[in-house]
Amino acid sequence: MVLVAAALVVSGCSSSSKKASNGGSTPAGGTNSTPAAGTTTAAAPKGSTIKIGMIATLSGPQASSSNQGATVAPAWADYVNKTLGGINGHPVQIIVKDDAGQPTTAASVANDLINQKVVAIVAGSDNLVPAFDAATAKAGVPLVGGSSNAADWYTKPLMYPTVTDVASGLIGQMIVAKQFGKATKFADLYCAEIAACAQANAPLQGTASKMGVKFTSLAVSATATSYTAQCLALKQQKVDYAQLNFSSDAAVKFVKDCQAQGYNPTWGSSGQAIGKPYTKLSNFTAFGPAYAFPAASTGGEFDTYTNAMTKYAKDDNWKYGSASFTWTGLVALQKALASVTPTATVTAADVVTGLDAFKDETLGGIAANKITFTKGKPVPFLGHPCFFVIGVKGQKITVPAGTTPICPGAS
């Protein structure tokens, strides 16, 4: 459980660059295999409306790491309705809710969505999922990831994570460090403000030892005015790969302070943390595991995402952070409802039935793992071990391993 708790905290220490949006309600829908946005214009769907909720932190200090779903979900809605004609003729309405980073607010907006008869809720961000998952389960409304960092995704029913599980994410950090960053000495730079952040050190050090990589760690305060002392300490210890497991806004300052001291190792991050500020850094190279596909991916269904966002998204926040997490969850719902009839009234039970039928499902290739859901049983920790790889080089976000996931332990 130490590994689990550490993974949850590390995965939550992310931030990207856009302001929060309060979202709204927008009609949507579709199937799993989809044409490029703008290539067709479908007839307006005439079936009963399928309501889908999305909860994320859209305001408050953590909003920048959580607000991408407010860009992606409405754009997915417009794309599916206008290009695909809904899900088998059913328009889909996306209802975006802001949990404001407060558990009481999260519980309240979840109850509001339940009362509005949504058939599912997608987690645009999930730090506060434990505040309402008992209520959604009681109401029979499935939660779909989206972001799937909270332990409840892997221990409770009616919760459907579609991305790499967080326990596997720590293993992924070290694999990426050695394979792509050529690390010989790895430093875990972890958030000083949260005690559980330090718990990542033990499992990371154990993995490093097995891989023949030297290990050290350092607590970093996101509110520090200078990181010069920490940079010089890392330089003296000859750390050649520094994992930025704390707020990305502070991480950008950390990198700049180190570069000013003539210290500029290869840096580590993750898909959920890499945002626009990283692309503004000069002489900056970073790698990390991506639990959902990097938005810079191309080909096949990745192009569907890019084309849909280019045509329908209100801003460019779909290129960063957790944006593709939300898209993956929404595509999973499309797949789950692929067999509904045009004349039916779609219910939460229909979604659950469709999701429980998933067996080795890759969602057209955009999922890192072959997703299998078993009725009444949560996905276990380490159950979704595969991940994509994301990077930053030359002020551009890169996809170093292409669109082929890395699966630890696979032959």
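User: Which side chain meets Asp152 in a salt bridge?

Analyst: This is a predicted model, in which local features need pLDDT of at least 70, side-chain atom pairs count only at pLDDT 80 or more, and totals for chains, interfaces and linings use all residues. Residues are numbered from 1 along each chain as its sequence is written, and side-chain values use heavy atoms, with hydrogens and water left out. A salt bridge here is a side-chain nitrogen of Lys or Arg within 4 Å of a carboxyl oxygen of Asp or Glu. At 3.3 Å from N to O, the partner that meets Asp152 is Lys156.

User: Is Asp152 buried or exposed?

Analyst: Buried means under 20% relative accessible area, exposed over 50%, and partly exposed in between, using a 1.4 Å probe and protein chains only. Lys156, with 32%, is partly exposed, whereas the relative accessibility of Asp152 is 12%, which makes this residue buried.

User: How many residues apart in sequence are the parts tied together by Lys97 and Asp112?

Analyst: The side chains of Lys97 and Asp112 form a salt bridge of 2.5 Å, N to O. Helices (H or I, at least four residues) and strands (E, at least two) are DSSP runs, numbered from the N terminus. Lys97 belongs to strand S3 (residues 92-98) and Asp112 to helix H3 (residues 103-115), so the parts that this pair ties together are apart in sequence by 15 residues.
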